[in-house]
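Visitor: I'd like to learn how to read the packing inside a protein model. Could you walk me through it?

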Amino acid sequence: MCKMSYNPHDIESKWQRIWSLEGVFEVEVDHSKPKFYCLEMFPYPSGNMHMGHVRNYSIGDAMARFQRMRGKNVLYPMGYDSFGMPAENAAKKESGHPHTVTERNIAMIRADQERMGYSYDWRRMFATSTPEYYHWNQQLFLKFHEAGLVERRFAPVNWCNDCDTVLANEQVKNNRCWRCGLEVVQKDMAQWFLKMTEYADELLNELEDIEFPENVKTMQRNWIGRSQGAHINFKVVGSESSIGAFTTRPDTIFGVTFLTLSPEHPLCKELVSGTDYHDDWEKLRNDCARMTEFERINMLKEKKGVPLGRFAINPLSGEEVPIYAGNFVVASYGTGAVMAVPGHDQRDYDFAKKYGLPIRPVLSKTREAEAIEENPVFDGLGWMANSNMGSFDGLYGNEAKEAVISALEADGTGYGTVQYRLKDWLLSRQRFWGTPIPMIHCDDCGVVPVNYSDLPVKLPLDIKFSWENSGNPLENNEVFLNVKCPKCGGKARRETDTMDTFFDSSWYFLRFADSSNSSAPFDSDKANYWLDGGVDLYIGGIEHAVMHLLYARFFTKATRDLGMNSVGEPFGRLVCQGMLNAPAPFCVDCNSEYHIENFGGDCPNCGAELTTRSVKMGKSLGNTVSPGEMVTKFGADTVRLFILFGANPEAGMDWSDTALESSSRQMNQIFEAFKSLESASLNPKDIDSWLLARALDNQTRWIDAMEGVSLREGVMISHYEMLSDWQWYRRRGGLDRETIERFLCIWSEMLAPATPHIAEEFWSSLGGTGLLASNTLSGLSDLSDSDWSLVLAREDYLREFIDTARNLRTLAEKHSESPLSRMVVQVASKWKSELASNAINLASTDFDFKSQGHEHIRNLPIFENETMRGEIFQLWTTLTTGSKKKRGRIHTWSKSQKILLLNYLDEVEIINQNSEFLAMALDIESITSYFVGEGEDVAGKARVAFPLEPGIAFV
RNA sequence: GCAGAGGUACCCGAGCUGGUCAAAGGGGCCGGACUUAAGCUCCGGUGCAUAGUGCUUCGCAGGUUCAAAUCCUGCCCUCUGCACCA
């Protein structure tokens, strides 16, 4: 190879072809090997691959390749989450079919992925929009239906006029559609729900044992939002109705001075109809319904409410309290009614103050204290007071809560309960490009499931999309609609709702275990093998931390309970990759970023000069980088190296053209290093063992880093430190063929996870057996059997020596009129090194230098020489206890320095042995070295000589 | 407001189970070698002082300690997620 300079394109396409021909990434269940399931969140195919994908997959591929080299049976699949609205919109634009758009996009992104050399088992690839996949969506749906997890009910739903569809609560952001941003309106519809709340407790509790990042766990906990409390019924005076309210603080029930209903609460209308209060309430309700999120936030600095003119009865105290409607009460949480305790809830307090309602403190901060009104309110746990039912006063915290709940339960006016923020999963979408819900509406039999044998219910392909035909084309497709009732055989109509696409992605990782199965979603044995302990490494964006991950966890549990697997938790280790940033114009004064077309100009808002700032890559700012372009320019390996070296997976990362170029240079240098094997011959030298010792050490640290998914660190060792060690070796005159071959073999393996093509090329040119992509790491046991620490330490000594000498040289130059030509090195006397060694040995025992030190040296033979005693004491102190400002050397010496001292390194010898090299490195003609006292004390440097720190004089 | 992650030299970024930390690595910049030259590559420098041991630095202000980038407290700022959660 290597006659020419580095040409990534030839190398990369060659190896991609060979890997594919040899099928090296194709895996099957193999119980003789430990498995490793490496998975990236599969993409929605929107066209070409973007940089965020590149980052995601480069991380995953590096880990998959690394684990293969570690001897694992690695499942590393790729597929496409290909249902969804954008394909419909694209189809409308070109008057085509979403299917066509989707297939085209998949082909594009797949080609991009293949060009990057990712090591997927492509046989397992699937797209969720194919009947081969959504067939099983439908089957799972029917199974869930049988298990009682599916429900059809009327519910007010979020409706987006633009997208012509229902949105899940989770898909509404700031009261706007998460995709198009249009304001969401409410609409009542019959909907299909999946009863995820039945798993709320398990989903919450098992978070404890999952290896997710802490912030993801917290987000999920908050999302599930379990709160323990009581449901309390308040009878409405003069009515049969009662108001149920949920509270987490039943211990404050005697402080209730009013009730607040959400304006949408059905009881509101009933209570005010025909009264003077009706108009105010209606106005409030309409205000709330119409308010945009932006207005709401501003409005809510001011809590608003209206009296409904009626009263409710506190079930324990019998007291009558007024009923209000308040804009701050959310209809969908709890019961949509709040028992207001202004004495111990800040929000209620503010409300009460505003409307002149009474405030009654019923908790005291200490057992003895009075319950007092204060602002800010006391909302911690306290001792009950003023309960006007003596038996409660003095009860504290949970005991108080339980006492109140018992009292309520005793007279049937309330009960202890748990409330979740998590809601059932609204599955229906009034959209075409999704999995048809396999249900049939029969006038006689009602809603009837499709027979399993009639699955899949296929989406019709003979539809032309256009902007004129809004809504769901299924509703007008007679062929699709008309069907016979599976029960009575009479005329019936198909359900036209399709499923939320989150359904597709909630079990795709199970399908990968057995993706060609045509008789079931997946074989349970295969799923249990690959998903034992969950997906071993799951990589994706933080934006899916709640919804997708929670749905997937729910599915795994639900299918487990259907007997389809025994997994339970789908994901083991989760890594959320950080964001990819790129520079964009930025105005410091306005604190805002602008489109890249403003580079070099002034702020469009205030006219100030724009600076740059690194912000999230995105279309809106135009600060995106095309992976295709970069690969064309530099090759896939270089792009992969850059992206992995740029930052650790979890950290945010800045795109930089110069840094990419530097990665390219690095690749060239590595290439050059491998090329130099050609000029090597049998030429053994001392430095050879150093190089191999470094390789061993580097490989060990590299494995540690990679195991921990610290890819940046790993790449730093494999692509940077290995190279600088190589360069040092060459500077030291090393060029032994046998050594170099050994070193390069180890190195090429280490290069493989991040830059697999070039590594494979090196491997093949070195005559390595088989393909590197399917090999396991060379064991270096022959190397690790020896102790290389002294070899490494000697080299460290030289490096440090050069370092110190270099610094001194610049200083010395200032003091010398003529150019420096000679260096005189005076090494500390042997007895000093011996004393140092002695001290190091003592330090490894539990010797107490402070109390036993002086006694110790007094007994040493050298201490008999009276003239040296002062110097001995001084040295001993410097070595052991140190001074006020500096610790003793035995504490500050590095491991390798200690090794040198313990082995009585002859500094004079090592300096003289390497004098030629040192002279060259220091740009000096000659070097002389001797022990202090064995020659002239040049420039009085004998006094600074210390073990490992010789006195150096330039002349 | 709540939760989480952060603020390290010109920039990015390690370190943060206290001492070996003026602080890895990369980018940029400067200098030297190579070259007709540019590029590439190699070597070195990049807080201040200084013939070595010294001073000032790790968001700001305090504290603990013989010793703090590292531990504690308060404050400021940035980012991410959630948004009146009863």
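Predicted model: local features only at pLDDT ≥ 70, side-chain atom pairs only at ≥ 80, totals over all residues.

Visitor: Which residues touch the most other members of the largest nonpolar core?

Guide: In soluble globular proteins, nonpolar side chains tend to be buried together. Here the largest nonpolar core has 146 residues, and Met51 and Trp747 touch the most other members. Helix α20 (residues 686-707) supplies the largest share of this core, 10 residues. There is also a second, separate core of 84 residues, with Trp136, Val448, Phe465 and Trp530 among them.

Visitor: What is Met51 in contact with, leaving aside its neighbours within four places in sequence?

Guide: Its partners include Leu580, Met617, Pro627, Ile643 and Trp655.

Visitor: How do helices α21 and α22 cross, and at what angle?

Guide: Two packed helices are described by the angle between their axes and the distance between the axes. For α21 (residues 711-731) and α22 (residues 737-751), the axes come within 10 Å and cross at roughly 165 degrees. Since angles over 145 degrees count as roughly antiparallel, α21 is therefore roughly antiparallel to α22. Trp747 of α22 takes part in this contact, as do Trp726 and Met722 of α21. The residues of the contact divide into 10 nonpolar, 3 polar and no charged.

Visitor: And at what angle do α26 and α27 pack?

Guide: Helix α26 (residues 830-843) packs against helix α27 (residues 849-858) at about 140 degrees, with axes 13 Å apart. That angle makes α26 oblique to α27. The crossing of α26 past α27 is right-handed, whereas α21 passes α22 in a left-handed crossing.

Notes. Residues numbered from 1 in each chain as written. Chains lettered and ligands numbered in written order. Heavy atoms only, no water. Core = buried A, V, L, I, M, F, W, Y, C linked by side-chain atoms within 4.5 Å. Buried < 20%, exposed > 50% of the residue type's maximum accessible area, 1.4 Å probe, protein only. Helix = DSSP H or I, 4+ residues; strand = E, 2+ residues; numbered from the N terminus. Contact = heavy atoms within 4.5 Å. Axes fitted to C-alpha atoms, helices over the stretch in contact; angles between N-to-C directions. Parallel < 35°, antiparallel > 145°, perpendicular 65-115°, else oblique. Left-handed = near helix turned anticlockwise from the far one by under 90°. Nonpolar A, V, L, I, M, F, W, Y, C, P; charged D, E, K, R; others polar.
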